[in-house]
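Subject: Structure handover

Hello,

Here is the structure for you to work with. Please load it before reading on.

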Amino acid sequence: MEHYTERTGPGQYRIRKEYLTIAEEGCIGPAADRLAAFERVYEQLAKDREKTEAQMEELRKQGRCGSATFRQLMAKKVNLGNMLDTFSIYGIQ
């Protein structure tokens, strides 16, 4: 992956000028587009985890906690949580 940022110090970065343009209403360019993509991915992962938890709760109410479907949803929930945790480690929440 091509990096649009460069490290300037401990925990500090800047966006390389060729990837961001100051426009009248804000900043535009490939770096802004990539940030938007990361935000959309994070939001989708969070929504998927909520949906998965709701599906699991419905199965719990039906007494189907031992079903294959419940176990698959549990694995999906764990995987989604791991991905969100990885974002969180890097300060994306």
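Below are the contacts and surface features found in it.

This is a predicted model, in which local features need pLDDT of at least 70, side-chain atom pairs count only at pLDDT 80 or more, and totals for chains, interfaces and linings use all residues. Residues are numbered from 1 along each chain as its sequence is written, and side-chain values use heavy atoms, with hydrogens and water left out.

**Aromatic rings**

There are 3 aromatic pairs in the structure. Rings of Phe, Tyr and Trp (its six-membered ring) pair if their centres lie within 6.5 Å; planes under 30 degrees apart are stacked, over 60 edge-to-face, and the rest tilted.

One of the pairs is Tyr4 with Tyr19, which is stacked, at 4.2 Å centre to centre and 20 degrees between the planes. This pair links distant parts of the chain, 15 residues apart. Tyr4 lies in the segment before β1 (5–9), and Tyr19 in the loop between β2 (12–15) and β3 (21–23). Helices (H or I, at least four residues) and strands (E, at least two) are DSSP runs, numbered from the N terminus. Tyr4 and Tyr19 are both buried. Buried means under 20% relative accessible area, exposed means over 50%, and partly exposed is in between (1.4 Å probe, protein chains only).

Another pair is Tyr42 with Phe87, and this one is edge-to-face: 5.6 Å centre to centre, 80 degrees between the planes. Here, too, distant parts of the chain are linked, with Tyr42 in helix α1 and Phe87 in helix α2, 45 residues apart. Phe87 counts as buried because its relative accessible area is 13%. Together with Phe38, Tyr42 and Phe87 make up one aromatic cluster.

Tyr4 has a further contact. The charged end of Arg34 sits over the Tyr4 ring, 3.7 Å from its centre. The test is NZ of Lys or CZ of Arg within 6 Å of the ring centre and within 35 degrees of the ring normal.

**Salt bridges**

The whole structure has 4 salt bridges. The cut-off is a side-chain nitrogen of Lys or Arg within 4 Å of a carboxyl oxygen of Asp or Glu.

- Glu6 and Arg14 meet at 2.6 Å, N to O. Glu6 is partly exposed, at 31% relative accessibility. Arg14 is partly exposed as well, at 49%.
- Arg16 and Glu18 have their closest N and O atoms 2.8 Å apart. Arg16 is partly exposed at 27%, and Glu18 is partly exposed at 47%.
- Lys77 and Glu53 meet at 4.0 Å, N to O. This bridge joins distant parts of the chain: Lys77 is in helix α2 and Glu53 in helix α1 (residues 30–61), 24 residues apart. Lys77 is partly exposed at 27%, and Glu53 is partly exposed at 32%.

**Cysteines**

How many disulfides does the structure hold? The count is 0, with a cut-off of 2.5 Å between a pair of cysteine sulfur atoms. Cys27 is partly exposed at 41% relative accessibility. Cys65 is partly exposed at 39%.

**Surface patch**

Ile89, Tyr90 and Ile92 form a nonpolar surface patch, with about 380 Å² of accessible area together. Patch residues have over 30% relative accessible area and no salt bridge; like charges are joined within 9 Å, nonpolar side chains (Val, Leu, Ile, Met, Phe, Trp, Tyr) within 5 Å. Areas come from the Shrake-Rupley method with a 1.4 Å probe; for residues, only the protein chains shown count as cover. Ile92 is in the segment after α2 (68–89). Ile92 is partly exposed, at 33% relative accessible area.

Best regards
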